[in-house]
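Dear colleague,

I am handing over the structure below, followed by notes on what was found in it. Please read the notes with the coordinates open.

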Amino acid sequence: MNNLKKLYGHFDDAAREYVITDPATPWPWINYLGCEDFFSLISNTAGGYCFCRDAKFRRILRYRYNGVPMDDGGRYFYIREADGSVWNPGWKPCKTPLDAYECRHGMGYTRISGERRGLRAEVLFFVPPGRRCEIHKLTLSNRGDAPRDFKLFSFVEWCLWNAATDMENFQRNLSTGEVEIEGGTLYHKTEYRERRNHYAFYGVNAPIDGFDTDREAFIGAYNGFDAPQNVLAGQATDSVAHGWSPVASHCISVHLEPGQSRTLVFVLGYVENDPEHKFAPDGSIDKTQAHALLEAFDSEEKVDAAFAALKQCWDDLLGRFQVESGCPELDRMVDIWNQYQCMVTFNMSRSASFFESGIGRGMGFRDSNQDLLGFVHQIPERARQRILDIAATQFPDGGCYHQYQPLTKRGNNGIGGGFGDDPLWLIFGTAAYIKETGDFGILDEPVPFDNVPGSEVSLLEHLRISFAHVQERRGPHGLPLIGRADWNDCLNLNCFSDNPDDSFQTTENKNGGSKAESLMIAGLFVYVGKEYAALLDRIGQDAAAVRQAVSDMECAIREHGWDGEWFLRAYDYYGGKVGSHENAEGQIFIESQGWCTMARVGAEQGLCDKALDSAKRLLDSEHGLVLNQPAYSRYYIEYGEISSYPEGYKENAGIFCHNNPWVIIGEALAGRADDAWAHYCKISPAFIQDQELHKVEPYVYCQMVAGKDAFRPGEGKNSWLTGTAAWNWHTVTEFLLGVRPEYDGLRIEPCLPADRFPEYRVHRRFRDAEYDLTIRNSGRGGSRFIPYAPGRHVLTVEL
Ligand code: BGC
Ligand code: NOJ
């Protein structure tokens with residue numbers, strides 16, 4: 001009985017949807033709309049916002065992070081019945097009890113429906129491919145046996161474009177708001193009079209009874225979204241916003257006979273005009289493009305055609321890798337949700353989620369390279385551009401900006417560089433791209449340094465200096481210097497901050513003479529160095545020096561990086577051990593066990609098996625492998641941010657779903673299928689039993705699940721925008737299912753428990769070829785190489 005946990009929803013694999021059946025999820029469960037440059041976040045109660053290209057500078061809808069109640073504000077439809085009662089199809093904001101509610105999050109769309117006393121309202125939200133708008137297709141159906149008369153109100157609240165100043169500069173903001181009204185289309189044009197050439201609008205393909213564009217006129221100064229005074233009164237006031245807070249709300253009277261339905265199409269659009277042609281002759285905004293967008297979706301048929309195109313687009317993207325493994329949880333992650341999340345991380349990087357406010361960081365150098373692993377098979381051309389953009393932010397000495405800004409593609413000066421692992425990820429991402437595509441030509445592309453025209457060298461040269469940069473910056477043990485941090489942004493061994501106003505990432509109070517070295521970077525260096533050497537071999541260049549550097553690093557790890565039962569994590573500023581049994585806390589860390597076993601350092605001497613056993617013994621828990629043990633119980637000035645977190649959270653012994661895969665790959669390369677599978681099942685969302693405890697979306701990975709030392713172990717946080725998506729994809733497809741792209745073909749090398757997976761099928765698009773593979777998995781290991789050849793191949797591989 002105890003195992004019967006409350007469920008808020010379930011998967012519908014045939015429809016590629018997650019179906020939420022209770023609107024009061026433990027946390028908003030969101031989806032993303034948009035694939036090109038117009039993006040939306042939408043929760044299961046229609047909360048959220050949209051933006052064009054940049055979540056900070058081109059925010060279209062206003063959204064209040066950290067609001068009370070949470071997730072208030074979005075695209076709301078209010079139904080005001082003849083008896084004065086008011087409800088929303090998505091339950092919020094009125095929270096009037098519904099007789100039925102369902103939210104289906106699908107691939108690039110969300111469908112929310114609610115029903116009350118025989119009246120059903122269903123809204124399909126999506127961003128049509130190639131368009132800068134959200135479509136809200138609303139279908140109202142009278143399922144009762146009496147005619148129904150009611151008022152429908154739409155509602156969105158505009159953001160004054162810059163999402164950061166929108167939340168702080170009220171002395172200005174409350175005077176700048178401007179709108180225009182043209183029939184049923186409500187335009188938002190704040191700052192259009194001056195330097196902006198963009199505006200937004202909200203229109204509907206039906207006559208309206210009235211509208212509101214001033215927030216307080218619509219809601220009432222003392223009401224909330226749950227009780228707008230005009231909705232309660234059943235009447236719009238045709239308010240025109242002058243400053244304060246512009247909104248857009250339509251009011252439409254609806255009459256439905258029993259059995260009758262009516263569909264309305266609302267278009268929430270964004271337009272950029274040519275700066276020379278911003279205005280119509282009468283001084284109003286030039287609305288040509290808005291008219292065209294409205295016309296493109298002024299009928300149900302046009303909307304349905306665009307929706308079919310969206311579906312087709314996702315069928316094509318996901319269809320490149322499909323598995324039938326006999327395990328529904330694995331199949332739905334691989335076929336649907338993991339691939340989908342990888343595309344979302346491509347689009348969003350770490351910018352906008354319900355944990356990332358869209359006004360924070362730029363795109364991470366390391367994050368973007370790792371994200372590539374997850375989408376390179378879906379959109380290789382865009383991955384190519386991404387690599388070239390990233391490389392162009394590098395410095396001539398091989399170091400790099402830790403982040404760059406998506407709008408300008410320039411390195412972020414505020415953060416700067418100095419993260420010891422960053423350069424290696426460029427080699428890693430480029431190798432993954434070439435293996436997927438066979439496009440060795442990318443290595444010859446001219447790429448500048450720090451975006452300075454005229455400084456171009458080949459991408460291959462960028463790789464060379466990346467490797468050299470890390471090789472040249474080694475400490476007393478011949479191990480790589482960590483710099484500000486390595487993958488673990490919170491292991492700040494040169495920071496020494498006692499000032500709460502310092503950033504842990506950018507403060508280096510001590511670095512001259514630092515002895516802080518990283519075993520995570522050392523493992524990464526060996527792993528990536530081997531890849532780099534193989535790449536040089538393949539293009540006919542001498543790899544001897546690279547191999548020598550790799551072998552030197554392996555020796556250094558074996559000699560100075562082995563603690564007896566596991567790999568050390570680091571040496572601190574003074575040369576003291578981090579991640580050793582000699583430490584009082586933080587005796588073992590996951591990152592170095594992952595990377596050193598992936599790189600097979602000391603495998604012959606039994607080090608990898610021992611390290612994997614230690615990770616299992618000391619780091620494993622019911623919900624996955626924690627990052628370190630024992631957790632730090634106080635602040636260590638010499639370790640930095642890691643010890644700032646309470647035990648069990650984030651980098652201080654949280655379960656990072658991002659680095660569990662490193663251990664899983666280590667297990668797979670060691671041929672330990674049962675352990676690899678057991679680790680995977682703990683972090684894969686499809687296996688989540690307790691949705692209430694997990695709290696965040698059960699269909700995508702989150703960055704961190706609270707570890708065993710936390711107050712509530714198993715509680716997830718920071719869902720969606722995390723390298724976890726790419727790493728799990730990479731791990732499952734290439735190391736568990738074992739279908740691994742190489743420069744000249746596919747290597748098949750499964751590592752799954754044979755009793756559970758005796759045979760499975762994989763459909764994989766590889767370059768311009770299609771492979772239909774039946775893999776018989778005896779569990780004895782082994783591998784088979786299938787040379788690439790164009791065309792369709794139906795093969796059975798017995799291993
Ligand atoms: C977080 C890290 C994150 C970093 C970004 C830290 O507070 O714990 O996960 O990478 O901020 O700057
Ligand atoms: C999130 C950051 O985006 C990523 O770069 C980092 O490696 C992890 N946190 C771990 O600190």
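In the hairpin formed by β14 and β15, where two residues lie between the strands, G183 takes a positive phi near 60°. Strand β14 (residues 179–182) runs antiparallel to strand β15 (residues 185–188), and four bridges join them; strands count as paired if DSSP finds at least two bridges between them, and strands (E, at least two residues) and helices (H or I, at least four residues) are DSSP runs numbered from the N terminus. Within this pairing, I181 has L186 of β15 as its bridge partner.

This is a predicted model, in which local features need pLDDT of at least 70 and side-chain atom pairs count only at pLDDT 80 or more, whereas totals for chains, interfaces and linings use all residues. Residues are numbered from 1 along each chain as its sequence is written, chains are lettered from A and ligands numbered from 1 in the order in which they are written, and side-chain values use heavy atoms, with hydrogens and water left out.

Helix α16 (residues 673–683) is largely enclosed by the rest of the structure, because eight of its eleven residues are buried (under 20% relative accessible area, with a 1.4 Å probe and protein chains only). The buried residues of α16 are A673, D675, A676, W677, H679, Y680, C681 and I683, and what covers them includes α6 (328–348), α14 (607–619), β30 (655–656), α15 (660–669) and α18 (724–736).

Turning to the ligands, ligand 2 is surrounded by R361, R366, D367, W487, N488, D489, E651, F656 and Q703, where a residue counts if one of its heavy atoms lies within 4 Å of the ligand. Among the polar contacts (pairs of N or O atoms within 3.5 Å), an oxygen atom of ligand 2 is 2.5 Å from a side-chain N or O atom of E651, another entry places an oxygen atom of ligand 2 at 2.8 Å from such an atom of R366, and a nitrogen atom of ligand 2 lies 3.3 Å from a polar side-chain atom of Q703. The protein covers 94% of the 300 Å² of accessible area that ligand 2 has on its own (Shrake-Rupley method, 1.4 Å probe).

Around ligand 1 are R361, D489, C490, Q505, E641, Y645, K650, E651 and Q703. Oxygen atoms of ligand 1 lie 2.5 Å from a polar side-chain atom of D489, 3.1 Å from one of K650 and 3.4 Å from one of Q703. Of the 310 Å² of accessible area that ligand 1 has on its own, the protein covers 77%.

Best regards

Terms used:
Buried < 20%, exposed > 50% of the residue type's maximum accessible area, 1.4 Å probe, protein only. Contact = heavy atoms within 4.5 Å. Polar contact = N/O pair within 3.5 Å; in protein donor to acceptor, adjacent residues only side chain to side chain.
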